[in-house]
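These are my notebook entries on one protein structure. I set down what I looked up, topic by topic.

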Amino acid sequence: MKFNNIIKVTLAAIAVVSFSFSADAQFGNLGNKIKNKAKQAVDNKVQSAKNQVENKVDRTIDNAVDKAVNTATNEAKKQLNMAVEYKTQLNAPDPEACKDIDELYDAFEYWATLQEMANKKKDVEWLCSDKGEQMGKVFNMIANDNSKDVARWHSWSTAQERMNGVAKATREILYAGYPKAEDFNGNNNAYLAAALKWYVDKAKKGKKNAKQYYTSNGAATRYLAFCTDRYTDDEAIEKQTKELRKLYDQMDEAYKAKYPNANPYMTYEEVKADMKASQERAAKAKAEKEAKRKAEIEASKQTLKPGALNKSMNAQVLKVAKAKFKGVIKVVVENDSWTVKREGGTIARRTLLAWVVTKDEEGNLVAHDYGFAQEYLGGGKYDSLRHYSVGLRTVYVK
């Protein structure tokens, strides 16, 4: 081969190799461009998705904040409105004017909310007022309603649960520090004296409503204890009784008109005398009633008129009656003749009526009418006499 040809072949080979290297590089660059574009597209998609998520999260947060703000605002408004109601009762519902059970539930909700507010503020004066009685009053009206069917049971049980909770909180406020019976080792007099002193102290420290509330409840406790024979004329108890009486005397006429019964404020001797007089009045009234009833019984007494069969059948009827009933004194047959009973046109039996006389618990003669019968045996003959039926008449007998 000539040298020139060798050079040509070598150059050609070099060209081919060079082309191959160049092609690989070009393909590599193209692949990188594709990869970069793909990566960019993915990055764009991811960023878009991230932006959407971030926007959604931002909106959710904004909505939650707005909702929280609105809720807080509404609650604040509600609390403000209830604070106004608590002091004024501008929209207070009248339980007596409620037309149906739903309105009663609304009224209960209103008063329970106000009482909860009074509990939070520990407003003893409000709780001791007639306003403080409204929740219980409405609840009792609901409790007496007859429409607590299955559909309404949830409302009823919810109201009952709330009533118990609110009332418990109220009692804890009104009766904080009340003496405990277990601290007195069974000494009822000492316990009652301490309880009455607690009422007296509360009443003296309280304003108008509280003074009335504790005076009234203290007096009722004192009188109830006396009526259940838990104490006698204990000196400490009598001292607190006199204090309660002084407090009662200080009350206005409206209070005295509401609680006119002075019995709870009497001393032991006064209550004892009052109870004796009350028992005497009751005994007198009972005696008068009894005398009137006896006079009416005496006036209604009858003379039993015997019928023609009495002479022949009296002994048999008396024997059957004594075997059947207790305390039979005598019998009087009413019929002049037998009453024949037929069944299917055939004689079945014959019957008669007789008064059976006994005594009641007070010694009065009382007559009841009964039927007696003889079953027909045929051939004109009858079986022995037996008790047959119970009548409807009862009379007092001379």
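**Entry 1**

I began with K204, which counts as partly exposed at 47% relative accessibility. For this I used the rule that buried means under 20% relative accessible area, exposed over 50%, and partly exposed in between, with a 1.4 Å probe and protein chains only. I note that this is a predicted model, in which local features need pLDDT of at least 70, side-chain atom pairs count only at pLDDT 80 or more, and totals for chains, interfaces and linings use all residues. Residues are numbered from 1 along each chain as its sequence is written, and side-chain values use heavy atoms, with hydrogens and water left out.

Which residue forms a salt bridge with K204? I found E243, with the closest N and O atoms 2.9 Å apart. A salt bridge here is a side-chain nitrogen of Lys or Arg within 4 Å of a carboxyl oxygen of Asp or Glu. E243 lies in helix α8 and K204 in helix α6, so the pair ties together parts that are 39 residues apart in sequence. E243 is buried, at a relative accessible area of 18%.

**Entry 2: Other salt bridges**

I then looked up the total, and a search of the whole structure gives 19 salt bridges. K208 and D252 meet in one of them, at 3.4 Å from N to O. This pair links distant parts of the chain, since K208 is in helix α7 and D252 is in the loop between α8 and α9 (253–258), 44 residues apart. D252 is partly exposed, with a relative accessible area of 29%. I also recorded E298 and K301, whose closest N and O atoms are 3.1 Å apart in a salt bridge. K301 counts as buried at 17% relative accessibility. Salt bridges with shared partners join E343, R349, E375 and R386 into one network.

**Entry 3: The chain and helix α6**

I recorded 11 helices and 6 strands in the protein chain. Helices (H or I, at least four residues) and strands (E, at least two) are DSSP runs, numbered from the N terminus. The chain has 398 residues, of which buried residues make up 31%. Among contacts with a separation of 6 or more, 60% come from residues 24 or more positions apart; contact means heavy atoms within 4.5 Å.

I checked the length of α6 next. The expected span of a helix is 1.5 Å times one less than its number of residues. For the 18 residues of α6 this should be 26 Å, and the end C-alpha atoms are 26 Å apart, which agrees. Which residues of α6 are buried? I listed Y191, L192, A193, A195, L196, W198, Y199, V200 and A203.

**Entry 4: Aromatic pairs**

I counted rings of Phe, Tyr and Trp (its six-membered ring) as a pair if their centres lie within 6.5 Å; planes under 30 degrees apart are stacked, over 60 edge-to-face, and the rest tilted. By this rule there are 16 aromatic pairs. Y175 and Y199 form an edge-to-face pair, at 6.3 Å centre to centre and 85 degrees between the planes. Y175 lies in the loop between α5 (150–174) and α6 (188–205) and Y199 in helix α6, so the pair ties together parts that are 24 residues apart in sequence. Y175 is partly exposed at 25%, whereas Y199 is buried at 5%.

The rings of F184 and Y191 have centres 5.7 Å apart and planes at 55 degrees, so this pair is tilted. F184 is partly exposed at 23%, and Y191 is buried at 15%. Ring pairs also link Y175, Y178, W198, Y199, Y213 and Y214 into a cluster.

**Entry 5: Nonpolar cores**

I last looked up the nonpolar cores: sets of buried Ala, Val, Leu, Ile, Met, Phe, Trp, Tyr and Cys residues joined through side-chain atoms within 4.5 Å. The largest has 40 residues, of which F108, W111, W126, M135, V138, I142 and Y214 touch the most other members. Helix α2 gives the most to this core, with 11 residues. Leaving aside neighbours within four places in sequence, M135 is in contact with F108, W111, A112, Q115, M163, V166 and A167. A second, separate core of 16 residues includes V320, A321, W338 and F372.
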